[in-house]
Amino acid sequence: MTRAAVRVVRAAVLVAPLIALLTACGASPQSLGPSGIDGLTIPTPSPDPADFREGVDNPWFPLAQGTVWTYRRDTEGSRQGLVASVLPQPREIAGVATTGVRWEARRHGRRVTVLVRWYAEDEAGNVWWFGQDVRRAPALDDLARRSWTAGEGGAEAGLVVAAEPRVGDGYANASAPGVVDRRSTVVSLTATVATPHTTYRDTVLTRDLSGLQPIQTTQSFFARDVGLVAQQTTGARTSDLTLLRVRHP
């Protein structure tokens, strides 16, 4: 596995162990003020369409139509190019108009669709994950193994990024029996990550854990006005997802 593609400031990565150490030593955790996620049921079994707005413009996860992100995924002994793009047409899921992001991989000289994920933003600015349509798996990450849709088969939408991220906040990304069960915890709001062409500062860093793959840990970095810029997964399988460039409409 290569770590040359993504370099993380060590202080950012050590935030989570430091929090755990303080807790173990009996130190009182810092009180958190009000947030857009306070009072929310996450994951939600019955989203109210009236609580959601059209489109997704959260600065940490902006999904403007026409935006294209180009990534490189490094795994042990292999490298793959991936392209994510916002679909022009919404899809209604559980009564909510969701925005789709199509992921494509290059195979045999052409791009093929790997999967499509569907998101929606509530009136407070929180971004929810409403499902995915997997075409070729596993080809993106450990969450891309099976399709699921909120409101079907016990699947429930969860939170991807809050409107106002706070260190220490934790929330379910999604829940679908036997398919997806992942939770994110905000570790830092000031993480720095260097990609091949850009160094992103003051990114939101989350630590992501799966109940279905408990030995896997993923760190996700979200940059303002860009979105996901890097992911690092360690455990039984290791991989790096690195943003190479982004094209805005």
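Modeller: The model is a predicted one. In it, one aromatic cluster is formed by F52, W128 and F130.

Biologist: How many aromatic pairs does the structure hold, and what is the angle between the planes of F52 and F130?

Modeller: The structure holds 6 aromatic pairs. One of them joins F52 and F130, with 5.5 Å from centre to centre. Planes over 60 degrees apart count as edge-to-face, and this pair is edge-to-face, the angle being 80°.

Biologist: How many residues apart are the two partners of this pair?

Modeller: F52 lies in the loop between α2 (15–24) and β2, whereas F130 belongs to strand β7 (residues 127–134). The pair thus links distant parts of the chain, and its partners are 78 residues apart.

Biologist: Is F130 buried or exposed?

Modeller: A residue counts as buried when its relative accessible area is under 20%. The value for F52 is 12%, so F52 is buried. For F130 the relative accessible area is 0%, and F130 is therefore buried.

Biologist: Turning to T75, why is this residue classed as buried?

Modeller: T75 is located in strand β2 (residues 68–75). The cut-off for a buried residue is under 20%. T75 is classed as buried because its relative accessible area is 16%.

Biologist: With which side chain does the side chain of T75 make a polar contact?

Modeller: Not counting residues up to four places away in sequence, T75 touches T238 and S239. The polar contact of its side chain, at 2.3 Å, is with the side chain of S78.

How values were computed:
Residues numbered from 1 in each chain as written. Predicted model: local features only at pLDDT ≥ 70, side-chain atom pairs only at ≥ 80, totals over all residues. Heavy atoms only, no water. Helix = DSSP H or I, 4+ residues; strand = E, 2+ residues; numbered from the N terminus. Buried < 20%, exposed > 50% of the residue type's maximum accessible area, 1.4 Å probe, protein only. Polar contact = N/O pair within 3.5 Å; in protein donor to acceptor, adjacent residues only side chain to side chain. Contact = heavy atoms within 4.5 Å. Phe/Tyr/Trp six-rings, centres within 6.5 Å; stacked < 30°, edge-to-face > 60°.
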